[in-house]
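Hello,

Here is the structure we talked about handing over. My notes follow it.

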Amino acid sequence: MRVLGIDPGLTRCGVGIVDVRADRRATLVHVTVIRTPPTMALEERLLAVGTGIEALLDEHGPAVVAIERVFAQHNLRTVMGTAQVSGVALHAAAKRGLAVGLHTPSEVKAAITGYGSADKKQVQAMVARILGLAEAPKPADAADALAIAICHAWRGGPVAPDAGGATAALTPAQQAWRAAERSGRTSAAPRKLAR
């Protein structure tokens, strides 16, 4: 399965693409960081990030898209920029009929390192090891995007609409995870961001 992972950000948006086999072996396809300067108008920054994501979707043809889920931070401006870029990425994926999975930072850390509170260096080291790279891609946003893509494939997130029996091929643990996610979506009440 080819997964395009996105670490959303307005100044630096990490995008990583991996091919993951059924035996969980992952191969690097492409990794980059889409950058926009803070001096540029917001709508132009979003256009630049969106255009970059769309070009990568069209060039590499992933089956699914995985995006880091926006979470509350003390810096409201950072949260807003991250949410806006996530919206642009969701739009680009939906326009192409691609399934999208959203993953929290702790979920990604747990999938990659086995520990939900791992630090960035641990995640970067494991991404390099999983992909057989001599060193982790830089900056951290690039490695994070790859971690998000790998997490999605390993956790059995949404699959391509035409993937046929792909859901049936999930391990029992992945099936249980997916069932828990579904029940969590239906029972969870919306929460407000802390200000």
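Below are the conventions, then the sheet, then the helices.

This is a predicted model, in which local features need pLDDT of at least 70, side-chain atom pairs count only at pLDDT 80 or more, and totals for chains, interfaces and linings use all residues. Residues are numbered from 1 along each chain as its sequence is written, and side-chain values use heavy atoms, with hydrogens and water left out. Helices (H or I, at least four residues) and strands (E, at least two) are DSSP runs, numbered from the N terminus.

The sheet: 5 strands make an open sheet, ordered S3-S2-S1-S4-S5, with mixed pairing. Two strands pair if DSSP finds at least two bridges between them. S3 (26-35) and S5 (99-103) are the edge strands, each pairing on one side only. From one strand to the next, the twist averages 20°. S1 (residues 2-7) and S2 (residues 12-20) run antiparallel, joined by 6 bridges. Glycine 5 has glycine 16 in S2 as its bridge partner.

The helices: H1 (residues 42-60) lies across S1, S2, S3 and S4 (64-68), at about 160° to S3. H2 (residues 76-95) lies across S1, S2, S4 and S5, at about 170° to S4. Contact means heavy atoms within 4.5 Å. Axes are lines fitted to C-alpha atoms, for helices over the stretch in contact, and angles run from 0 to 180 degrees between N-to-C directions.

H5 (residues 140-155) is largely enclosed by the rest of the structure, because 15 of its 16 residues are buried (under 20% relative accessible area, 1.4 Å probe, protein chains only). Just after H5, glycine 156 has a positive phi of about 70°.

Best wishes

Methods: Buried means under 20% relative accessible area, exposed over 50%, partly exposed in between (1.4 Å probe, protein chains only).
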